[in-house]
Amino acid sequence: MILTGCVAFARHVGPTRVEAELLPQCWEQINHKYPERRLLVAESCGALAPYLPKEIRSSLVLSMLQQMLMEDKADLVREAVIKSLGIIMGYIDDPDKYQQGFELLLSALGDPSERVVSATHQVFLPAYAAWTTELGNLQSHLIPTLLNKIEKLLREGEHGLDEHKLHTCLSALQSLIPPLFALVLQNAPFSSKAKLHGDVPQIEVTRFPRPMSPLQDVSTIIGSREQLALLLQLYDYQLEHAGTTGWESLLWVVNQLLPQLIEIVGKINVASTACVHEFSRFFWRLCRTFGKIFTNTKVKPQFQEILRLSEENIDSSAGNGVLTKATVPIYATGVLTCYIQEEDRKLLIGFLEDVMTLLSLSHAPLDSLKAAFVELGANPAYHELLLTVLWYGVVHTSALVRCTAARMFELLVKGVNETLVAQRVVPALITLSSDPEISVRIATIPAFGTIMETVIQRELLERVKMQLASFLEDPQYQDQYSLHTEIIKTFGRVGPNAEPRFRDEFVIPHLHKLALVNNLQIVDSKRLDIATHLFEAYSALSCCFISEDLMVNHFLPGLRCLRIDMEHLSPEHEVILTSMIKECEQKIENKTVQEPQGSMSIAASLVSEDAKTKFLNKMGQLTTSGAMLATVFQRKK
């Protein structure tokens, strides 16, 4: 109500009196102790903007808003400041204020409050982008500056990337895709011919990604949905038939923006899921906004040129290094998933198959392929497609590719529904587990372990258990050191979360056997390696509830065997094992003392509970994961 009154007054008395009589009221309350007053000041700066002298708008009012954005503690006030800045940007016509606007934009994007950042994307950034376009700075300054900031972050971030700052710059670039596309349309060779008369075809509902706010809708920027529909028709025709000669704004996107983006993508850490996801969404929005013809004729060829997938490249590390980079998952998930017709799916499947083959044959790390699988696997719509890619690996002639397929199944098991696990994953793994090459058989173990940890279908668990049992009990594997290592690592990882019956009847007894066998190992390096993995597995399992029978017959004897190894090879581990064994023996003694009494007294049960709690607490403090435990123990050296 107050604002409505102020606006009515301003309309009536004109700019000079607004400046003389109303503006001082605002200025004086900029640091008021009540946030509601400061909120009113922030909102009035925007509401009164149209009724103020233009030189005051771009000096005093802009300074007031800047001060409040930098200094005000209340999120609500800063959010109102952002909305008013959006309005001010619509009125400022002093090019000297462009840089100040840019600095305000960066501050707003880096604000700690989610509300402020959201308002920046919805209101301030689109308004600033419109002014930037008017000044001719969108392609010459705003986008290149943000790109350079990203490049600088990546250069400085070799020892630790500031992912928040990267997100800030990249999300700003993403919000600039609609104004960039509008600029390309409005400066196209056909823009003068785009006169509305007669019927215009409807724009497909899915033609553009959903805008973050109405101000980021391409039709809002262009002026109307009809005008946009007409321009799109001419745009597609031009790209397909007339070419891009003389179309400067589009050539800038093709020859400067895309190459720089692709170069940046090659520098990000493929292991950072968040970065891969963000860049992938960015490319997806870019491709969907610029359309299918542009994606197929301008974006894909540039990636394909860099990724050069051909079997001749296998030995030349130069042509192949790029396959281990984030370029692979971002191309697969950001560009190849934009359109989902049959030919698009085929292209994606073919690309992933080629990457899997080339990485395997050149013994390269699989991180880039894993990153693509993780990003695509988050969407159940791609599970069938990923299983198709892996089946290609299962039946491949090279054992190296079959090994990779076996390893990749582990990533899919957790996200895929049980029906697919039963119908597609387990049969593929069982095929691989009888592979002529031992390395392929070993590579299936982590995936089998993950199934034991995540699936609840009894029949499925039995099939997997039988397979693991054949690895452990078949005489042909008794000297397979690398197979035993893989099984012990898998037991340590999945044991604590697996079904208790599987853990009690299978995992713990088999660890005991492996510990016994390791006592007889003559090669010290192998013996220590297996003992270290056993130590991690036992540490992880010691946090689980273990029955007295199991403790006496398998768990304790296994620990004692392990202690024998460590006495010879690693005294610091031996100290920890001795205390673990004491804890377990104490636990059994406490139980045995209580047995003869027939009906156990409450006091005795409390003693037993107390011992159990102590034991579990002590083990619980060590945290469950084997890897974590190892580091806890190392600190005690």
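**View 1. Two assigned domains in the protein chain.** The domain assignment gives domain 1 (1–136) and domain 2 (482–590). Such bounds come from an automatic or database domain assignment. The C-alpha centres of domain 1 and domain 2 lie 67 Å apart. This is a predicted model, in which local features need pLDDT of at least 70 and side-chain atom pairs count only at pLDDT 80 or more, while totals for chains, interfaces and linings use all residues. Residues are numbered from 1 along each chain as its sequence is written, and side-chain values use heavy atoms, with hydrogens and water left out.

**View 2. Helix H28 against helix H29.** H28 covers residues 524–541, and H29 covers residues 548–569. Helices (H or I, at least four residues) are DSSP runs, numbered from the N terminus. The two axes come within 10 Å and cross at roughly 140°. Axes are lines fitted to C-alpha atoms, for helices over the stretch in contact, and angles run from 0 to 180 degrees between N-to-C directions. H28 and H29 are therefore oblique to each other. Angles under 35 degrees count as roughly parallel, over 145 as roughly antiparallel, 65 to 115 as roughly perpendicular and the rest as oblique. H28 passes H29 in a left-handed crossing; the near helix is then turned anticlockwise from the far one by less than a right angle, and clockwise if right-handed. Contact (heavy atoms within 4.5 Å) involves residues including Leu-528, Phe-535 and Tyr-538 of H28 and Phe-555, Leu-559 and Leu-562 of H29. By class, this contact has 12 nonpolar, 4 polar and 3 charged residues. Ala, Val, Leu, Ile, Met, Phe, Trp, Tyr, Cys and Pro count as nonpolar, Asp, Glu, Lys and Arg as charged, and the others, Gly among them, as polar.

**View 3. Helix H13 against helix H15.** H13 (residues 248–265) and H15 (residues 292–307) pack at an angle of about 35°. Their axes are 11 Å apart. H13 passes H15 in a right-handed crossing. Among the residues that meet are Val-254 and Leu-258 in H13, and Phe-294 and Lys-298 in H15. The contact has 10 nonpolar, 1 polar and 1 charged residues.

**View 4. His-363 in a loop.** His-363 sits between helix H18 (342–361) and helix H19 (367–377). His-363 is not a glycine, yet has a positive phi of about 55°. At 61% relative accessibility, His-363 counts as exposed. Buried means under 20% relative accessible area, exposed over 50%, partly exposed in between (1.4 Å probe, protein chains only).

**View 5. Glu-499 and its contacts.** Glu-499 lies in the loop between helix H26 (481–494) and helix H27 (500–519). At 27% relative accessibility, Glu-499 is partly exposed. Not counting residues up to four places away in sequence, Glu-499 touches Met-452, Arg-458 and Leu-461. Glu-499 and Met-452 are 47 residues apart along the chain, but their C-alpha atoms are separated by 7.4 Å.

Technical notes
Helices (H or I, at least four residues) and strands (E, at least two) are DSSP runs, numbered from the N terminus.
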